[in-house]
Amino acid sequence: MKNNEDSKLLRVPAGGGRGFSVAGANLTWKVRSDDAAGELCMFEQVIEPGEGVPVHTHSYPESFYVLSGTIHFVSSDASDLGWDCTSGDVVVARPHTPHGFFNKGKDTVRMLSISVAAHEQFFDAVEDADKQDPFATLPPTDAFARVIAIGAQTDTHFLPPSSEASASKG
């Protein structure tokens, strides 16, 4: 990141930022709250076909800007309800609003997430846990159980799937 101290502008060049991949999430921090006077954070997420983030809530808002591809947003675990969002679409999850998203298509999705500083706590805790005991060594269900436990400690609460939605998923 390049900073212009005279104007207090911050520039993150194309391809810049600090990336990490863990538990199926491929993120690149574009702006950390320390870079934005503690006010906000922003990261780019790459979501491959078949991947996504299960429905969850947190006590702060989060906005998503779809950069490329088509991503399906839901506000419940019934994946047939929601929106297919494409490049240029914006989705805002207000505080405590259930939200999740899934790449049902064949193309990679790139999306920008903008939120408040508190959102970093969850991702930092997941990244720290991965450094101590890599998620890649665990079966997917065990890895996600760890993510759920970390979320419960960092104000990110994953909703259990309903029996109706589970039955329709196979």
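With which side chain does the side chain of His 119 make a polar contact? The partner is the side chain of Tyr 60, at 2.8 Å, where a polar contact is a pair of N or O atoms within 3.5 Å, one of which, within protein, must be able to donate a hydrogen and the other to accept it, while residues adjacent in sequence count only if both atoms are side-chain atoms. The structure is a predicted model, in which local features need pLDDT of at least 70 and side-chain atom pairs count only at pLDDT 80 or more, whereas totals for chains, interfaces and linings use all residues. Residues are numbered from 1 along each chain as its sequence is written, and side-chain values use heavy atoms, with hydrogens and water left out.

The chain has 3 helices and 13 strands; helices (H or I, at least four residues) and strands (E, at least two) are DSSP runs that are numbered from the N terminus. Of its 170 residues, 35% count as buried, a word that stands for a relative accessible area under 20%, with exposed meaning over 50% and partly exposed the range in between (1.4 Å probe, protein chains only). The accessible surface of the chain comes to about 9,500 Å², and 54% of this area belongs to carbon and sulfur atoms; such areas come from the Shrake-Rupley method with a 1.4 Å probe, and for residues only the protein chains shown count as cover. Among contacts (heavy atoms within 4.5 Å) between residues at least 6 apart in sequence, 64% join residues at least 24 apart.

In soluble globular proteins, nonpolar side chains tend to be buried together. The largest nonpolar core of this model has 27 residues, and those with the most contacts inside it include Ile 71, Phe 73, Phe 101 and Met 111; a nonpolar core is a set of buried Ala, Val, Leu, Ile, Met, Phe, Trp, Tyr and Cys residues joined through side-chain atoms within 4.5 Å. Among the elements that give two or more residues to this core are β5 (41–47), β8 (70–74), β12 (109–115), α1 (119–132) and α2 (140–153), and α1 gives the most, with 4 residues. When residues up to four places away in sequence are not counted, Ile 71 touches, among others, Ile 47, Val 66, Trp 83, Phe 101 and Met 111.

Five strands are arranged as an open sheet in the order β9-β8-β11-β6-β13, with antiparallel pairing, and two strands pair if DSSP finds at least two bridges between them. The edge strands, each of which pairs on one side only, are β9 (83–86) and β13 (157–158). Strand β6 (residues 52–57) is joined to strand β11 (residues 99–102) by 3 bridges, and the two run antiparallel; the bridge partner of Gly 52 in β11 is Phe 102.

His 119 belongs to helix α1 and is buried, with a relative accessible area of 3%. Apart from neighbours within four places in sequence, His 119 is in contact with Cys 41, Phe 43, His 58, Tyr 60 and Glu 62. His 119 and Leu 40 are 79 residues apart in sequence, and their C-alpha atoms are 8.7 Å apart in space. Ser 113, which lies in strand β12, also counts as buried, at 2% relative accessibility, and its side chain is joined to that of Glu 62 by a polar contact of 2.5 Å. Beyond four places in sequence, the residues that Ser 113 touches include Cys 41, Phe 43 and Glu 62. Cys 41 is itself buried, with a relative accessible area of 1%, and Cys 85 counts as buried at 5%; the count of disulfides, defined as pairs of cysteine sulfur atoms within 2.5 Å, comes to 0.

Several loop residues complete the description. Most residues other than glycine have a negative phi. Ala 37, however, has a positive phi of about 55°; Ala 37 lies in the loop between β4 and β5 and is exposed, with a relative accessible area of 67%. His 96 likewise has a positive phi, near 65°, and is found in the loop between β10 (90–93) and β11, where His 96 is exposed at a relative accessible area of 56%. Gly 69, in the loop between β7 and β8, is partly exposed, with a relative accessible area of 24%, and its contacts beyond four places in sequence are with Cys 85, Thr 86, Ser 87, Thr 108 and Val 109.
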